[in-house]
Amino acid sequence: MQTPQEAEKSRAFAYLQRTFPRARLLRIGIGILVLIAVAIALLLLATQADKLVRYQAQRVLSAALKVNVTVDAANVSLMDQTVRLDGLTVPNPPAFKGEPAMRCDRIAIKYETPTLFTPNPVIDEVRIAGVKLNLQYDPGEGLNLAVLRE
């Protein structure tokens, strides 16, 4: 014999089975798991974006200029749609000595999020502050900045 509480649970369970067949419950459960996975992925992206942008900026600029470019810090603001690079340093090519060829205290880029992962991302604004250029000339090599550009 069932207690009134057990009978109530049985009726509630039977109602749920009629209202939500197992296949539907399974789809709902999978949907919830997918939403949780997407939320975790977005959280990881938001927390690791600064490190990723700093690494990629250093890697791409170093490959393009053929010197070891460094970036002290990067800050990505998804809400403001901005990327900020602090302490960008471009050293001189190997034939030149002395101070770095270029140093930027801050570069701030404002972008449009919908175009960010397209072949032609839209950049609304670029602000560069604290630029220091060290122009050097070597009779055999030419200008240090021209050598970086090659």
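Trainee: Which residue is linked with R84 and D86 in a network of salt bridges?

Mentor: Keep in mind that this is a predicted model, with residues numbered from 1 along each chain as its sequence is written. Local features need pLDDT of at least 70 and side-chain atom pairs 80 or more, totals for chains, interfaces and linings use all residues, and side-chain values use heavy atoms, without hydrogens or water. A salt bridge here is a side-chain nitrogen of Lys or Arg within 4 Å of a carboxyl oxygen of Asp or Glu. Along with R84 and D86, the network includes R106.

Trainee: How far apart are N and O in the salt bridge of R84 and D86?

Mentor: R84 is one partner, and its side chain meets that of D86. From N to O, the separation is 3.2 Å.

Trainee: Buried or exposed: how does D86 count?

Mentor: We sort residues by relative accessible area: buried is under 20%, exposed is over 50%, and partly exposed is in between, using a 1.4 Å probe and protein chains only. R84 has 29%, so R84 is partly exposed. D86 has a relative accessibility of 15%, so D86 counts as buried.

Trainee: How many residues apart in sequence are the parts that D72 and R103 tie together?

Mentor: There are five salt bridges in the structure, and in one of them D72 pairs with R103, with the closest N and O atoms 3.2 Å apart. Strands (E, at least two residues) and helices (H or I, at least four) are DSSP runs numbered from the N terminus. D72 sits in strand β1 and R103 in strand β3, so the parts tied together are separated in sequence by 31 residues.

Trainee: Which strand holds K132, the salt-bridge partner of D105?

Mentor: D105 and K132 form a salt bridge whose closest N and O atoms are 3.6 Å apart. The two residues are 27 apart in the chain, with D105 in strand β3 and K132 in strand β4. Both are partly exposed, D105 at 35% and K132 at 48%. So the strand you want, the one with K132, is β4.

Trainee: What is the volume of the largest pocket?

Mentor: On a 1 Å grid over the protein atoms alone, a pocket is an open set of points where a 1.4 Å probe fits, with protein on both sides within 12 Å along at least five of seven lines; lining residues have an atom within 4 Å of a point. Points are joined across faces, edges and corners, and the volume is the space filled by probe spheres set on them. For the largest pocket, that gives about 780 Å³.

Trainee: Which element gives the largest share of the lining of that largest pocket?

Mentor: The lining has 22 residues, and V53, V76, V83, Y111 and L116 are the closest to the pocket centre. Two or more lining residues come from each of α2, β2, β3 and β4. The largest share, nine residues, comes from α2.

Trainee: How far apart in space are the C-alpha atoms of V69 and A57?

Mentor: V69 lies in the loop between α2 and β1, and its relative accessible area is 1%, so V69 is buried. V69 and A57 are twelve residues apart in sequence. In space, their C-alpha separation is 8.5 Å.

Trainee: And what separates the C-alpha atoms of D80 and N92?

Mentor: D80 is in the loop between β1 and β2, and counts as partly exposed at 48% relative accessibility. Along the chain, D80 and N92 are twelve residues apart. Their C-alpha atoms are separated by 34 Å.
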